[in-house]
Amino acid sequence: MEEKLSSLKQILIGILIGGLAIFILANLRVPSLSKKTPEENQINEDLVNQIISQVLPSEGFKTRLVLGDAVKKMIDCGVIDLEKMKKLYNNQIPEYIQKAIEGNYEPIVINQETANHLLNLFWPLGLSNKTEFNKNIPFSEKELPYLASTGGWWLGKEDNGAVYFNKCEIIKLTPEEETLVYKVAQNTFRPCCDNSTFAQDCNHGSALLGALELAASQGYSEEELYKLALQLNSFWFPQNYVETAIYFKVFENKDWQDVDPKLVMSREYSSISGWIQNVSRKVATLNLPQIQQGVGCGL
C-alpha cells in the first residue's frame, strides 16, 4: 500500500510542479520541471510532498466506524445481488468486500486501497436506506430512474436502482440522528457537480449519504460527520483536495490540519462551481497547471 500511495504522490507532484501535463485516467505524461533553479524546484516539491501527506496520509484515516451487518441487510433487501457482484469482479470478489458481506465489525480505515471498495458499498446504502428526509428529495419519482446514482446502480436484483430508493430498512436512525444527517447532507458537496450530498444524483452523493447515516447511527457528532465527509472525499477526489490544501497554504497561510472540514466541504470549496471559482482559478495564478478530474460515476 505504501508503494501505491508513493506512486500517487509522484503523479500529483509531477502534475502540480511540472510543465503542461495531461492526465486522463490511465494515461499520464509528466513533462520536465519548469525553468527554476534546483533549489527552487526542491523547495516546491518538498512543500507539495508535505501537503499530499496531509491530504492523503500513507496510513489512511482510521475511523471508529464499522459496517457491521449493513451489507448483509442490503443483500436481503435486494439492492445488492451477489451474482451480479461476482460478475463485476470477474467471479473473484475482493477480500475486503467479502468480509463486508459476511459481516465486518473492524473499524473502517479510509485509504488508497479501500476507497473504491467503500464507494461501492456506501453507494447502495445511501440509495436504499429508508429515511423520512428522503421524502424531500429535489427530484420527481419519474426522474429517479435516470439519475446516475439510481439508474446507474445495476447490481441489485432489479437492473435499475430507482426501484430501491428509500425502500430498505438497513439503518434505523432516531429522529435526532435523521435531523443531524439531513443538516450535514445539505451542507456538504462534491466537486463533480453542484448538488449537495442530500441531492444524491451521482454515486458519490449516495455513497457519502450512506456513510453519514451509518456514522450518525454509531454516535458521530456533527463535527465528526464533516470530518468523515472530508476524509472520504479526499480519497475519492484526490486532485481537487490537494489543490484545495495548496490554496489554503499559499493564499491563507493555513496548514491543512487547521482548516475546518465543514468549510472545506461547503458549496464554496467543494461544489464544482465553488471549487473552480475559489480554488482552481487562484491556484492557476501560481503558474501550476490545473489537474483534470479522473473521477467518474461508473462502477
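## Threonine 150

In this predicted model, threonine 150 is in contact with Leu127, Leu144, Pro145, Asn160, Gly161, Ala162 and Phe165, when neighbours within four places in sequence are set aside. The residue sits in the loop between helix 6 (115–128) and helix 7 (175–186).

Threonine 150 has a relative accessible area of 1%. Because buried means under 20% relative accessible area, threonine 150 counts as buried.

## Helix 3

Helix 3 spans residues 70–77, and its residues Ala70, Val71, Met74 and Ile75 are buried. These residues are on the same side of helix 3, because the arc they cover around the axis is only 145 degrees.

The packing partners of the buried residues of helix 3 are helix 4 (82–88), helix 5 (95–102) and helix 6. Glycine 78 follows helix 3 and has a positive phi, near 100 degrees.

## Valine 79

Valine 79 belongs to the loop between helix 3 and helix 4. With a relative accessibility of 0%, valine 79 is buried.

Not counting residues up to four places away in sequence, valine 79 touches Met74, Pro124, Leu127, Ser128, Trp153, Leu155, Gly156 and Tyr164. One of these, Met74, is among the buried residues of helix 3. Another, Leu127, is also in contact with threonine 150.

Alanine 162, a contact of threonine 150, lies 83 residues from valine 79 in sequence. In space, the C-alpha to C-alpha distance between valine 79 and alanine 162 is 9.8 Å.

## The cavity

Rolling a probe the size of a water molecule over the atoms shows where empty space is left. In this model, a search of the whole structure finds 1 cavity of 30 Å³ or more. The volume of the largest cavity is about 40 Å³.

Its lining consists of Leu47, Gln50, Ile51, Gln54, Ala245, Lys249, Lys254, Asp255 and Trp256. Helix 2 (38–55) and helix 10 (238–251) are the elements that give two or more residues to this lining. Helix 2 provides the largest share, 4 residues. Sorted by class, the lining of the largest cavity has 4 nonpolar, 2 polar and 3 charged residues.

Notes. Residues are numbered from 1 along each chain as its sequence is written. This is a predicted model: local features need pLDDT of at least 70, side-chain atom pairs count only at pLDDT 80 or more; totals for chains, interfaces and linings use all residues. Side-chain values use heavy atoms; hydrogens and water are left out. Buried means under 20% relative accessible area, exposed over 50%, partly exposed in between (1.4 Å probe, protein chains only). Contact means heavy atoms within 4.5 Å. The arc is that of the directions from the helix axis to the C-beta atoms. On a 1 Å grid over the protein atoms alone, a cavity is a set of points where a 1.4 Å probe fits but cannot get out, and a pocket is an open set with protein on both sides within 12 Å along at least five of seven lines; lining residues have an atom within 4 Å of a point. Grid points are joined across faces, edges and corners, and a volume is the space filled by probe spheres set on the points. Ala, Val, Leu, Ile, Met, Phe, Trp, Tyr, Cys and Pro count as nonpolar, Asp, Glu, Lys and Arg as charged, and the others, Gly among them, as polar.
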